[in-house]
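Q: I would like to learn how to read some features of a protein model. Could we work through one together?

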Amino acid sequence: METWLAALASSGADASAHVGADGRVTIAIRGEMDLASAGSLYRRARAALSEADGDVRVDLGGVTFCDAQGLSVLVRIANDAQRQGGRVLLERVPPNVARLLRITGLDRRFPMSAGAPSIPEPLG
């Protein structure tokens, strides 16, 4: 049986979480990950983490914008997951977010799950 956690709508971003029968949690984020949405996105992710039984997948395929506060949300989620014995796996990372991850070195912090697009290398 699957449990769906309610979607969150806030200042240009929303997040929904799906907990599968195997206990795997997927958080899908859509819209803008920025100062206006960071707090509510983090609260939604924390609620989903409380349902997690290990690794957490974060699907970024619907993210249209991300700034430093958006990256901070990802780091905070990863830190919380790690304290619970899990890790965050990023899926469907859009090019704009991939670039920020690469520039900040966070591409080494977040593993990509199988089948997810790899983070593109910078152009020479």
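Q: Leaving aside neighbours within four places in sequence, what is Asp80 in contact with?
A: A contact means heavy atoms within 4.5 Å. By that criterion, and with those neighbours left aside, Asp80 meets Tyr42, Arg46 and Leu49. This is a predicted model, where local features need pLDDT of at least 70 and side-chain atom pairs count only at pLDDT 80 or more, while totals for chains, interfaces and linings use all residues. Residues are numbered from 1 along each chain as its sequence is written, and side-chain values use heavy atoms, with hydrogens and water left out.

Q: Where does Asp80 lie, and is Asp80 buried or exposed?
A: Helices (H or I, at least four residues) and strands (E, at least two) are DSSP runs, numbered from the N terminus. Asp80 lies in helix α2. Buried means under 20% relative accessible area, exposed over 50%, and partly exposed in between (1.4 Å probe, protein chains only). With a relative accessible area of 7%, Asp80 is buried.

Q: Which side chain does Asp80 join in a polar contact?
A: A polar contact is a pair of N or O atoms within 3.5 Å; within protein, one must be able to donate a hydrogen and the other to accept it, and residues adjacent in sequence count only if both atoms are side-chain atoms. Here the side chains of Asp80 and Tyr42 are joined by a polar contact of 2.4 Å.

Q: How many helices and strands are there in the protein chain?
A: There are three helices and five strands, running β-β-β-α-β-α-β-α from the N terminus on.

Q: In what sense do β2 and β3 pair?
A: Two strands pair if DSSP finds at least two bridges between them. β2 and β3 have seven bridges and pair in the antiparallel sense; Ser16 has Ala28 in β3 as its bridge partner. The two strands form a hairpin with five residues between them, and Gly23 in the turn has a positive phi of about 85 degrees. Six of the seven residues of β2 are buried, so β2 is largely enclosed by the rest of the structure.

Q: Which residues touch the most other members of the largest nonpolar core?
A: In soluble globular proteins, nonpolar side chains tend to be buried together. A nonpolar core is a set of buried Ala, Val, Leu, Ile, Met, Phe, Trp, Tyr and Cys residues joined through side-chain atoms within 4.5 Å. The largest one has 34 residues, of which Ile27, Ile29, Leu60 and Leu90 touch the most other members. Among the elements that give two or more residues to this core are β3 (25-33) and α1 (35-49).
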